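Subject: Structure for you to look at

Hello,

Here is the structure I said I would pass on. Please open it first, then read the notes below it.

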Amino acid sequence: MAYNTVLELKDIKKSYVKNSFLKKQITEVLKGANLILQEGHTLALIGPSGCGKTTLLKIILGLEKQDSGTVKILGRDISQITKRELREILSNIGVIFQDPYSALDPRQTIEQILSEPFIINKIPYTKQTLIKALKEVSLNEFDLKKYPHQFSGGQRQRINIARALILKPKLIIADEPTSALDVSVQAQIVNLITKMQKKYNFALLFVSHNLALCKYLCQNIVLVKQGILTEISGDEL
Amino acid sequence: MLEVKHLTVSIRNKNGKIYPIVKNLSYKLQEGQTLAIVGESGCGKTMQAMAIMGLLPPNISVTRGQILFQGKDILKLSKKERREINGKEIALVFQDALTALNPVITILQHLLEVFKARTNLTSDEAENKIKELLQQVELPQNILSSYPHQISGGQRQRVMLALALALNPKLLIADEPTTALDEKTQEQILNLIKKLQKTYKMAVIFITHDLILAKEIADKIFVLYYGTKIEEAASKDLFSNPLHPYTYGLFKSIITRDTPKGIPLFEIYGYIKKGGRFYGCPFKDRCKKSSRVCYKFLPPLEELKPKHFCACFWAKSTQFQRGKNGI
């Protein structure tokens, strides 16, 4: 079975320039990063803090520009297209953030939070689609009128996942989705992510400190060390 | 040394209603022993520690019970007498080191403050003591002139330990000292606590939600759920043979490197409830083994195996039928 390539990074280089007194300091964060991710596959990014993981994610999401190299999402180079096209492509990416407490706007109801992706991308939606998305993450329709502070950490992470999945994206980026949760809730969230992946067949880019979790969840593991990406097998961990 | 008897801590909510968050908790701790308290967030493990320290927030208070420290009930002492005990006899390491340290004064000033407030040492003597302390927590001397934001998370936690140990306490309460740190630093801090415990011969209460950490450090573990103690045992017994369905579920849902791929993880159904009074067992709604009895009566804490206490009707009724590895 042939897989479609969802994400392709080719020789990405990025360096930050720090202007100190009389002197320019250049720190290379990424020294030629290559990465291919296919539909339905799971890839883990691990590495110590400050190794360039976050920079790589920012480049993929178009929040920062690389110095050289190309980022291809669904086969299109995102540096050579207009802003409108970029937005269309980015609607194929869903993000699950690390901290469920600060990722949701405290002044919006769950209905507003879940409908925002539709409004931004100008896609028509009905209330039924929102209810369906909530039921998939085992919350019910009465929760639509509630505010984020009325939920526990695990439930908030479920809302996060529902929001990331609501446009049926081809790629999900999960940035340490369970590090702020308890052990028992962690198992629930991990099971939910794997169940959803089987259903929608999205590619998952998983960033975590928890090596055992990466080994359990992912087919490929990539170690980021001093700006260089190397693939390692699960047994080496 | 420390004995907590029938401690009940209650919260008063906005409507003026009072309901308990820690219920009828009793335990004993001897010199040199390590006790780990394990539980999910919001189960009251931090609040019972704050009750021992006398640092409860204004809307939360101890409504029943005694806390005996070396034979004296510290709940009945005046504020001044309590201050004498806090710090000198009982010390606390807070959860989040960055917020617990003052951002506008240096590490040296933090440590000097302790000696100035509590002892009659001159500043030269105090500085010598501080140097000794730094050696014990394995920090370099040049850290004294830096501010809390300039040092790493592990170093901050070491500074917190130095602050707690400054007056040679007999009891150290560590409230999730390693949650904000990564795996390697966690191990270092744990080893450091173990080493310091031997040199100072103090008792340690270790509060955590990580069962593996608790196993590494503690002699005795008890599991809190919704403010009630549901299981208590020596750490080896608890790991080899958990009796309560909740403890069993917690062990099962930990991901280790040997967890087989592709098989869904064991999960405990549902969420911990928020507030309010209820009848029966606190875990009944999430428990797959619950029966009608669980909805009517609160299961008492009973000794089901030698020195292994558990509060569960189901565990009691099936303890003779189960094999080695439980449920």
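A crossing of two helices is called left-handed if the near helix is turned anticlockwise from the far one by less than a right angle, and right-handed if clockwise. Please keep in mind that the model is predicted.

Contact between the chains

Helix α6 of chain A (residues 183–200) packs against helix α10 of chain B (residues 245–253), with the two axes 8 Å apart and at an angle of about 55°. The crossing of α6(A) with α10(B) is left-handed. On the α6(A) side the contact involves Val183(A), Ser184(A) and Ala187(A); on the α10(B) side it involves Gly249(B), Leu250(B) and Ser253(B). Of the residues in this contact, three are nonpolar, three are polar and none is charged.

The sheet in chain B

Chain B has an open sheet of eight strands with mixed pairing, in the order β6-β7-β8-β3-β9-β10-β12-β11. β6 (90–93) and β11 (302–305) of chain B are at the edges with a single partner strand each, so each has one side without a neighbour in the sheet. On average, neighbouring strands are turned by 25° against each other, direction ignored.

Strands β10 (residues 228–234) and β12 (residues 308–310) of chain B run antiparallel and are joined by two bridges. Glu231(B) has Cys310(B) in β12(B) as its bridge partner.

Helix α6 of chain B (residues 153–165) lies across β6 and β7 of chain B and runs at about 170° to β6(B).

Regards

Technical notes. Residues are numbered from 1 along each chain as its sequence is written. Chains are lettered from A and ligands numbered from 1 in the order in which they are written. This is a predicted model: local features need pLDDT of at least 70, side-chain atom pairs count only at pLDDT 80 or more; totals for chains, interfaces and linings use all residues. Axes are lines fitted to C-alpha atoms, for helices over the stretch in contact, and angles run from 0 to 180 degrees between N-to-C directions. Helices (H or I, at least four residues) and strands (E, at least two) are DSSP runs, numbered from the N terminus. Two residues are in contact if their C-beta atoms, placed from the backbone, lie within 7 Å. Ala, Val, Leu, Ile, Met, Phe, Trp, Tyr, Cys and Pro count as nonpolar, Asp, Glu, Lys and Arg as charged, and the others, Gly among them, as polar. Two strands pair if DSSP finds at least two bridges between them.
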